[in-house]
Amino acid sequence: MTDMAPDTDPFIEIGRKLFAGEADFIWASNSLKNLPPMSKVEIAFAGRSNVGKSSLVNALTGRNTLARTSHTPGRTQQLNFFNINDRFHLVDMPGYGYAAVDKQKVESWTQLIHDYLRGRASLARVYVLIDARHGIKPVDEAVLETLGTAAVSYQIVLTKADELKPGELEKRIADTQQKIAKRAAAFPVILHTSSRSSLGIPELRAEIARLLSERGAL
């Protein structure tokens with residue numbers, strides 16, 4: 001991301017228009033055997049259960065029900081693919097690390113996540129969502145390791161950032177930057193968002209639009 005102020009960054013408006021278009025559910029996969037054909041650039045969202053992933057997807061697209069949200073963590077049990085403005089496919093991944101779900105099911109979801117991250121040539125970037133109140137946990141580290149091993153570009157997005165005071169948020173961002181500093185696959189800019197207040201949503205849309213522009217998808 002550049003150092004431009006949001007109101008001078010052209011990708012803020014490009015991102016707004018990108019996500020203001022059609023957004024349609026197109027595919028669900030519970031194993032690598034039934035993934036959709038690789039066609040458009042794919043951008044995936046990964047994170048622990050209850051990190052606010054589905055809420056963030058809905059906030060990005062301006063739709064309340066595009067991605068399924070629930071007060072019960074672990075409801076997203078498959079890879080859900082959405083066609084965004086016919087420009088790219090957004091992939092909502094199963095939440096990981098939720099201990100209250102059957103252990104065998106958790107292992108199955110986790111294997112699906114890791115297999116997809118390792119073997120999808122059309123995957124341009126993964127946005128790894130981290131709860132700003134808690135920071136990177138060991139279960140997140142395992143996913144970051146997989147991404148690094150597979151050389152898949154990823155960027156950290158701190159969710160629920162409105163629940164931290166400004167000083168606390170700055171400290172969390174600095175701590176997160178320190179934890180990913182030596183990870184080659186990690187994009188160095190930490191984003192922070194709130195689905196409830198729309199904090200950081202325009203900037204995340206702009207980041208995705210910039211990435212798609214670099215990939216020739218816009």
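Tutor: Happy to! Buried means under 20% relative accessible area, exposed over 50%, and partly exposed in between (1.4 Å probe, protein chains only). A salt bridge is a side-chain nitrogen of Lys or Arg within 4 Å of a carboxyl oxygen of Asp or Glu. This is a predicted model, in which local features need pLDDT of at least 70 and side-chain atom pairs count only at pLDDT 80 or more, while totals for chains, interfaces and linings use all residues. Residues are numbered from 1 along each chain as its sequence is written, and side-chain values use heavy atoms, with hydrogens and water left out.

The whole structure holds 18 salt bridges. One of them joins Glu 42 and Arg 120 at 2.8 Å, N to O. Glu 42 sits in strand E2 (residues 42-47) and Arg 120 in the loop between helix H3 (103-119) and strand E5 (123-131), 78 residues apart; helices (H or I, at least four residues) and strands (E, at least two) are DSSP runs, numbered from the N terminus. Glu 42 is buried at 0% relative accessible area, and Arg 120 is buried at 9%.

Asp 92 and Lys 53 also form a salt bridge, at 2.8 Å, N to O. Because Asp 92 lies in strand E4 (residues 88-92) and Lys 53 in helix H2 (residues 53-61), this pair ties together parts 39 residues apart in sequence. Both Asp 92 and Lys 53 are buried.

Now for helix H1 (residues 10-20): Glu 13 and Arg 16 are 3 residues apart there, so about one helical turn separates them. Their side chains meet in a salt bridge of 2.7 Å, N to O. Glu 13 is partly exposed at 35% relative accessibility, and Arg 16 is partly exposed at 41%.
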